[in-house]
Amino acid sequence: MQRGNRLSFIRKTANAIWSYCGYILSAVTHKPHCFGMPFLFSVETASYCNLRCPQCPSGTLALTRRRGTMPMDLYKTIIDEISDYALYTTLYLQGEPFLNKDFCKMTEYAHKKRIYTATSTNGQLIDSELAEKIVTSGLDKIIVSVDGATQESYEKYRAGGQISKALNAIRLIADAKKRLRKSKPLIEMQMLLFKHNENEVEAARDLAKTYGADKFTLKTAQIYDYKQGNELIPTKESFSRYVRHEDGSYTLKRTLHNRCARVFTSACFTIDGDVTPCSFDKNAEHSFGNIKHAPFKEIWHGKSANEFRTSVLKRRTSMDICTNCVY
């Protein structure tokens, strides 16, 4: 690691530790102590999608905010402001990130600023040309969602999608890495778990190996209408975020405590520059402010952000976006 990169990493790590210390003190005292700046970010490149997944607000057209892509000039403003303390930035929030034609240019810009970048995609738009651009852009990690081992199972959730395209996207990126002699991006094939695909885990794992993924992961699915049951909820409790009771009702498996590290250590940016507490705030209803109107540091330590943190520390269950959270 070059000296400049090493010093930058040390500064960012020190800020991350300081930021987390603020969270710990806040969790103990139940009063917000926001130290330093966040070190984890999500930057939304596109807020709409090419698929129609039934539990996704982009897919169901439930988003009430603008559907579109983030302009490059706004993106550069965000990256310029967070580059001194951003350790990990996900170029994704809602929607399909590669619908933004500038995606690879965005990755290149963050890469030059020494920011670790990742994204999550359904893989439907990735052809050989785009795969090569992804590899040369400096992207560190790409998650490709493949929720099943057959087209029949896959399309029950990824409505309008083809499993062959998602798997081929993995192969194309893996082949481009070999051809260009690059070690990145790390390719992670991710499987969302549902009742209809819970018995296909091992078959999907084999597909990940066959098509060249570096990693295979399982993820529990967020279900909006879960309290009285839902056909998507897995029967295997270990695969679900929810637990079934004797009367047939369901509750969130995890107990919500009056604390949350995310509101002290991470932040999200929508395509229009709104700063939101986390990815569960789909419509930016709890926006702390907009980076077009104020510096991010001012927004992060501002009144709206601290009022939100105070509410979480006092009674997190009263916050609508927290009631279906697993963090």
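Me: Why are α2 and α3 called roughly parallel to each other?

Reply: This is a predicted model, in which local features need pLDDT of at least 70, side-chain atom pairs count only at pLDDT 80 or more, and totals for chains, interfaces and linings use all residues. Residues are numbered from 1 along each chain as its sequence is written, and side-chain values use heavy atoms, with hydrogens and water left out. The axes of helix α2 (residues 72-82) and helix α3 (residues 103-112) cross at roughly 20 degrees and come within 10 Å. Angles under 35 degrees count as roughly parallel, over 145 as roughly antiparallel, 65 to 115 as roughly perpendicular and the rest as oblique, and α2 and α3 are therefore roughly parallel.

Me: Which residues of α2 and α3 meet?

Reply: With contact meaning heavy atoms within 4.5 Å, Met72, Tyr75, Lys76, Ile79 and Asp80 in α2 meet Lys105, Met106, Thr107, Tyr109 and Ala110 in α3. The residues of this contact divide into six nonpolar, one polar and three charged.

Me: What are the buried residues of helix α7, and how do you know that they line one face of the helix?

Reply: In α7 (residues 201-211), Val201, Ala204, Leu207 and Ala208 are buried, a word that means under 20% relative accessible area, while exposed means over 50% and partly exposed lies in between (1.4 Å probe, protein chains only). Seen down the axis of α7, these buried residues fall within an arc of 115 degrees, taken from the directions from the helix axis to the C-beta atoms, so they line one face.

Me: Which exposed residues does the face of α7 turned away from its buried side carry?

Reply: That face carries Lys209 and Thr210, whereas the cover over the buried residues of α7 includes α6 (163-180), β5 (186-193) and β6 (215-220).

Note on methods. Helix = DSSP H or I, 4+ residues; strand = E, 2+ residues; numbered from the N terminus. Axes fitted to C-alpha atoms, helices over the stretch in contact; angles between N-to-C directions. Nonpolar A, V, L, I, M, F, W, Y, C, P; charged D, E, K, R; others polar.
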